[in-house]
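Trainee: I would like a close look at one part of this model. Please take me through the charged pairs and their surroundings.

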Amino acid sequence: MAPVVAHSLENLQPSVKALADTGVKTVPSIYVKDETDRPKVPYNAFSKEIPVIDIAGLIGERRSGIVADIGRACSEWGIFQIINHGVTKSLTERIRAEAFEFFAMPLEEKTVYAAKPGQFVGYANGSILTDEKYMDWRELITLRCFPIGSRNEDQWPRKPESFRR
């Protein structure tokens, strides 16, 4: 399901981050789901066994084994961790810093990049769902990067300036 966004700024509610920035000490009830509406996710010792897949050598002779490991993890677990993916710590830190900078902007600036109704690409704030019983604790931006032919950089934020590099 695509993110739902308000169609006018009058309906906007503060995001959880905005509330936290005000120093609020208790969570407003609109953000707290009834016990019966909360997801039931079991956590136990078995949860510590989530598959860890080393993808070093993915482009090479280990490919078929890695693909099989990913397939098995998807079918048996639905989740897995990838290691040796080649994404440097400095790149990860840069992406994180730019994301923090984007989400620190005023809501009015972020909503310029709002996802259009029924689309997945753009900014969405789970706190501005106007027809839901509870407000969501999320704020996100979804951008298509690959395949390259589906990339539309016109939908990408202009701030922070380094975001498009």
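Is Glu 93 buried, partly exposed or exposed?

Mentor: Glu 93 is partly exposed, with a relative accessible area of 46%. Keep in mind that this is a predicted model. Glu 93 forms a salt bridge with Lys 89. The closest N and O atoms of that pair are 4.0 Å apart. The cut-off for a salt bridge is within 4 Å. Both residues sit in helix H3, 4 residues apart, so about one helical turn separates them. Lys 89 is exposed, at 63% relative accessible area.

Stay in helix H3, which covers residues 89-103. Leaving aside residues up to four places away in sequence, Glu 98 touches Pro 160, Ser 162 and Phe 163.

Now go to Lys 159. Its side chain meets that of Glu 109 in a salt bridge, at 3.2 Å from N to O. Lys 159 lies in the segment after E4, and Glu 109 lies in helix H4 (residues 107-110), so this pair ties together parts that are 50 residues apart in sequence. Lys 159 is partly exposed, with a relative accessible area of 43%. Glu 109 is also partly exposed, at 30%.

Helix H4 has another pair to check. The side chains of Lys 110 and Glu 139 meet in a salt bridge, at 2.6 Å from N to O. Lys 110 is in helix H4 and Glu 139 is in strand E4, so the pair ties together parts that are 29 residues apart in sequence.

Look next at the loop between strand E3 (122-125) and strand E4 (139-142), where Trp 137 has its place. Trp 137 is partly exposed, at 48% relative accessible area. Together with Val 27 and Val 32, Trp 137 forms a nonpolar patch on the surface. The three residues have about 270 Å² of accessible area together.

Last, the cysteines. A disulfide is a covalent bond between the sulfur atoms of two cysteines. This structure holds 0 disulfides. Cys 74 is partly exposed, at 42% relative accessible area. Cys 145 counts as partly exposed too, at 30%.

Conventions. Residues numbered from 1 in each chain as written. Predicted model: local features only at pLDDT ≥ 70, side-chain atom pairs only at ≥ 80, totals over all residues. Heavy atoms only, no water. Patch = residues over 30% accessible without salt bridge, like charges linked within 9 Å, V, L, I, M, F, W, Y side chains within 5 Å. Areas by Shrake-Rupley, 256 points an atom, 1.4 Å probe, with all protein chains shown as cover. Helix = DSSP H or I, 4+ residues; strand = E, 2+ residues; numbered from the N terminus. Buried < 20%, exposed > 50% of the residue type's maximum accessible area, 1.4 Å probe, protein only. Disulfide = S-S within 2.5 Å. Contact = heavy atoms within 4.5 Å.
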